[in-house]
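A few lead sentences come first, followed by points grouped by topic.

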Amino acid sequence: MSPYASDASDRVAPAAPPPAWWREAVVYQVYPRSFADGNGDGMGDLPGIRSRLPYLRDLGVDALWLNPFYASPQADAGYDVADPRAVEPALGTLADAEELIRDAHELGIRVIVDLVPNHSSDRHEWFRRAREEGPGSPYRDRYHFHPGKGENGELPPNDWTSVFGGPAWTRTKNPDGTPGDWYLHLFAPEQPDFDWDQPAVRDDFHSILRFWLDRGVDGFRVDVAQGLVKAEGLPDIGRTDQRRMLGTEASPMWDQDGVHEIYRSWRRVLDSYPGERIAVGEVWAPTEERTALYVRPDELHQAFNFALMGASWDAEEIRRVVDTSLEAVRKVRASATWVLSNHDHCRHATRFAGPQPEGQCPRAGDRALGLRRARAATLLMLALPGSAYLYQGEELGLPEVTDLPDDVRQDPAFARSGKTDGFRDGCRVPIPWTLAGPSYGFGTGGSWLPQPEAWGTLSVEAQTGDPGSTLELYRAALALRRWHPGLGAGDTVEWDDAPHGVLAFRRPGFVCTANTADGVLIIPSVGRPLLSSSPIEAVEGPPGEAFTLPGHTTVWWTA
Ligand code: GLC
């Protein structure tokens with residue numbers, strides 16, 4: 001036999017390929033306005049992020065997700081995109097974005113950027129022309145312009161309301177100044193919805209995907225992924241509590257079957273690039289089964305699973321969420337995702353501090369308890385199979401800033417709801433890097449939202465090297481997770497029996513135990529303790545046989 005010929009009989013079975021990177025990645029969400037300010041204008045920017053990449057490498061994250069940094073009038077902090085191929089001048093330049101992507105890759109960090117396909121800014125070239133040119137303009141078709149109801153068209157075309165409060169329609173003026181058609185905006189009036197039936201819209205988004213893929217991005221976070229297609233004829237909903245229906249009930253504005261075809265076409269674009277480029281959807285669908293449809297093998301790679309973020313710090317509830325979430329993604333062979341905080345929600349250190357009034361953060365509450373539970377919740381999340389999305393500042397245990405003065409708030413929902421809603425600024429306050437100094441090291445020129453006085457004591461500088469700090473807890477957890485792939489791998493957890501209020505589950509080579517109750521428990525050792533969110537102690541007696549498990553504490557053990 002020729003020495004070059006191979007014989008199937010003596011081939012060694014190849015080792016299983018490593019799982020795709022995104023299936024168990026730890027992705028760190030950078031909110032560019034609030035991460036680091038490179039030019040001292042009080043607003044975070046891309047050069048600022050670039051200068052802090054070594055911090056993120058040392059933290060141990062696998063990827064970054066950057067919130068929108070595109071040209072935008074900032075009516076919704078960048079989610080009103082005027083030009084998706086340009087960078088907002090206040091945040092940097094296209095060259096800065098390219099350098100950021102390149103530097104991150106050099107440090108072994110992947111980069112996911114935001115894509116906002118449901119709507120554009122009202123200053124987007126297409127929308128501007130649609131308004132200026134009036135009825136008959138081909139640009140009108142790319143949005144939802146419709147005549148109003150009532151004798152003179154003075155009523156909106158249907159009864160839909162905006163997620164940010166008020167009607168989802170705004171009336172335009174014709175070029176001659178007379179009242180004209182209405183246009184649809186499921187969010188602010190400055191965010192008109194695209195009409196995805198139009199080939200021009202579909203084509204443009206393929207080209208936007210390619211624009212950023214060509215610049216090396218590893219993936220996209222898809223904003224409002226369930227919203228692109230609306231029910232035929234835009235039927236009335238007939239209810240006033242439409243906001244509550246978002247993500248909980250079927251509705252003609254969300255989660256229409258037609259969206260899936262769009263994601264299949266995007267998947268083909270992504271797959272045509274080397275290196276597992278991905279899309280992760282912000283999907284608010286009524287059930288986990290409906291959400292799972294977005295992550296079928298030929299659609300998006302992942303969808304955020306917000307169930308953990310919605311759960312209270314309660315063992316039974318968390319177990320239910322973990323089981324149903326894993327079951328839903330298993331059916332479509334997708335990977336699970338977990339989130340505890342992001343730029344739209346009350347930070348988990350504050351959420352767990354006391355009872356949460358609907359849609360808002362607890363203003364009072366026990367901050368120390370909130371942080372203790374938050375640390376325990378994070379360790380629990382990082383032991384689950386799938387990928388974890390962290391939000392900047394949670395590694396510092398930052399609380400929500402609940403006392404921002406009304407006049408500094410920028411969340412568009414705040415004004416539109418008569419100041420009863422729209423409190424998202426509280427999790428967007430620029431993060432502290434140093435103990436003291438202007439804007440605690442965020443930049444040299446102040447900060448676009450005021451930082452609380454205690455911010456310095458929570459800074460990276462204050463926490464670095466302090467073994468009890470939240471930052472060092474995250475660093476240790478991410479290092480363990482990186483070196484023991486068993487922690488994020490797979491799609492199942494095996495539950496052990498545990499006392500009321502306690503969760504115990506097995507992962508390959510590990511056991512994770514979380515006490516969600518107040519009291520201290522004595523538990524038999526299940527292995528060697530690796531990491532705990534609060535100190536645990538061996539109980540007197542034969543060494544290592546029993547440990548105290550204090551309240552609101554999670555422990556990782558070797559199994
Ligand atoms: C998403 C974003 C949010 C934004 C909204 C409209 O929910 O996370 O910040 O306001 O979409 O684009």
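Helices (H or I, at least four residues) and strands (E, at least two) are DSSP runs, numbered from the N terminus. The model is predicted: local features need pLDDT of at least 70, side-chain atom pairs count only at pLDDT 80 or more, and totals for chains, interfaces and linings use all residues. Residues are numbered from 1 along each chain as its sequence is written, and side-chain values use heavy atoms, with hydrogens and water left out.

**The ligand and its surroundings**

- The ligand is surrounded by 14 residues, and D76, D223, E282, H343 and D344 are the closest; a residue is near a molecule if one of its heavy atoms lies within 4 Å of it.
- The shell consists of seven charged, four nonpolar and three polar residues. Here Ala, Val, Leu, Ile, Met, Phe, Trp, Tyr, Cys and Pro count as nonpolar, Asp, Glu, Lys and Arg as charged, and the others, Gly among them, as polar.
- A polar contact is a pair of N or O atoms within 3.5 Å; within protein, one must be able to donate a hydrogen and the other to accept it, and residues adjacent in sequence count only if both atoms are side-chain atoms.
- Oxygen atoms of the ligand lie 2.7 Å from a polar side-chain atom of E282, 2.8 Å from a side-chain N or O atom of D223 and 3.0 Å from a polar side-chain atom of R424.
- On its own the ligand has 300 Å² of accessible area, of which the protein covers 96%; such areas come from the Shrake-Rupley method with a 1.4 Å probe, and for residues only the protein chains shown count as cover.

**Helix α5**

- In helix α5 (residues 125–133), the buried residues are W126, F127 and A130. They lie on the same side of α5 because they cover an arc of only 95° around the axis, the arc being that of the directions from the helix axis to the C-beta atoms.
- Buried means under 20% relative accessible area, exposed over 50%, and partly exposed in between (1.4 Å probe, protein chains only).
- The buried residues of α5 pack against β6 (145–146), β8 (179–184) and α6 (199–214), where contact means heavy atoms within 4.5 Å.
- G134 follows α5 and has a positive phi, near 70°.

**Two loop residues with positive phi**

- Most residues other than glycine have a negative phi.
- A77, in the loop between β3 (70–71) and β4 (83–87), has a positive phi of about 50°. A77 counts as buried because its relative accessible area is 14%.
- V224, in the loop between β9 (219–222) and α7 (242–245), has a positive phi near 45°. With 4% relative accessibility, V224 is buried.

**Two serines**

- S469 sits in the loop between α15 (460–463) and α16 (470–483) and is buried, at 6% relative accessibility.
- The side chain of S469 reaches the backbone oxygen of Q463 at 3.0 Å.
- S532 belongs to strand β18 (residues 529–532), and its side chain comes to 2.8 Å from the backbone oxygen of S534.
- Beyond its neighbours within four places in sequence, S532 touches L379, L473, T554 and V555.

- E545 is placed in the loop between β18 and β19 (546–549). E545 counts as exposed because its relative accessibility is 51%.
- Apart from neighbours within four places in sequence, E545 is in contact with I523, P524 and S525.
- P19 and E545 are 526 residues apart in sequence and 36 Å apart in space, C-alpha to C-alpha.
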